[in-house]
Amino acid sequence: MGTYTNNQNQHGDVSTETSRPKLKRPPMYKVIILNDDYTPMDFVVMILERFFAMNREKATRIMLQVHTRGAGVCGIFSRDIAETKVAQVENYSRQHNHPLKCTMEVA
């Protein structure tokens, strides 16, 4: 028996290895509500409950972060969902005459 080199089998054929492409997970995005001096705290809590499915306690905690720190993370989502959430929050706020801002950034 001889030795095989460079992926040759015993018949002299070159074999090829099939490799799977490495799939990279798509980036996730934080949806962030920004503080302003005009939007009532109760409205922010309601936004968090309605669009982010938070209970009253968690929504109040996030609202207080927005109020005291200037911003609060509402959740982490895929790009399409994050964009939709930002649009929903801003559209709903405008419909109710509030200047509430919402943004997203890579998590």
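In strand β3, the residue that bridges to Ile 32 is Thr 103. Helices (H or I, at least four residues) and strands (E, at least two) are DSSP runs, numbered from the N terminus. This model is predicted: local features need pLDDT of at least 70, side-chain atom pairs count only at pLDDT 80 or more, and totals for chains, interfaces and linings use all residues. Residues are numbered from 1 along each chain as its sequence is written, and side-chain values use heavy atoms, leaving out hydrogens and water.

Start with the sheet. Ile 32 also stands opposite Val 73 in β2. For Ile 33, the bridge partner in β2 is Gly 72. Strands of a sheet pair through backbone hydrogen bonds, either parallel or antiparallel. Two strands count as paired if DSSP finds at least two bridges between them. Here, seven bridges join β1 to strand β2 (residues 71-78), and the two run antiparallel. β1 and β3 are joined by six bridges, also in the antiparallel sense.

What is the order of the three strands in the open sheet? The order is β2-β1-β3, with antiparallel pairing. β2 and β3 stand at the edges, each with a single partner strand, so one side of each has no neighbour in the sheet. Neighbouring strands are turned by 25° against each other on average, direction ignored. Axes are lines fitted to C-alpha atoms, for helices over the stretch in contact, and angles run from 0 to 180 degrees between N-to-C directions.

Contact means heavy atoms within 4.5 Å. Helix α3 lies across β1, β2 and β3. α3 runs at about 170° to β3.

Next come the rings. The structure holds three aromatic pairs. Rings of Phe, Tyr and Trp (its six-membered ring) pair if their centres lie within 6.5 Å; planes under 30 degrees apart count as stacked, over 60 as edge-to-face and the rest as tilted. One of the pairs is Phe 43 with Tyr 92, which is stacked, at 5.9 Å centre to centre and 15° between the planes. Phe 43 lies in helix α1 (residues 41-52) and Tyr 92 in helix α3 (residues 79-95), so this pair ties together parts that are 49 residues apart in sequence.

Are these two residues buried or exposed? Phe 43 is buried, with a relative accessible area of 9%. Tyr 92 is buried too, at 14%. Buried means under 20% relative accessible area, exposed over 50%, and partly exposed in between (1.4 Å probe, protein chains only).

Tyr 92 has another ring partner, Phe 51. Their centres are 5.4 Å apart and their planes stand at 70°, so the pair is edge-to-face. Phe 51 sits in helix α1 and Tyr 92 in helix α3, 41 residues apart. Phe 51 is buried as well. Phe 43, Phe 51 and Tyr 92 form one aromatic cluster.

A charge also meets a ring. The charged end of Lys 85 sits over the ring of Phe 52, 5.4 Å from its centre. The rule asks for NZ of Lys or CZ of Arg within 6 Å of the ring centre and within 35 degrees of the ring normal.

Finally, look at charge against charge. Side chains of opposite charge can pair when their charged atoms come close. A salt bridge is a side-chain nitrogen of Lys or Arg within 4 Å of a carboxyl oxygen of Asp or Glu. How many salt bridges does a search of the whole structure find? It finds three.

Glu 105 lies in strand β3 (residues 101-106) and Lys 30 in strand β1 (residues 28-34), so the pair ties together parts that are 75 residues apart in sequence. Glu 105 is partly exposed at 40%, and Lys 30 is partly exposed at 24%.

Glu 49 and Arg 56 form another salt bridge, at 2.7 Å from N to O. Glu 49 is partly exposed at 23%, whereas Arg 56 is exposed at 53%.

Arg 79 forms a salt bridge with Glu 83, with the closest N and O atoms 3.1 Å apart. Both lie in helix α3, four residues apart, about one turn of the helix. Arg 79 is partly exposed at 44%, and Glu 83 is partly exposed at 35%.
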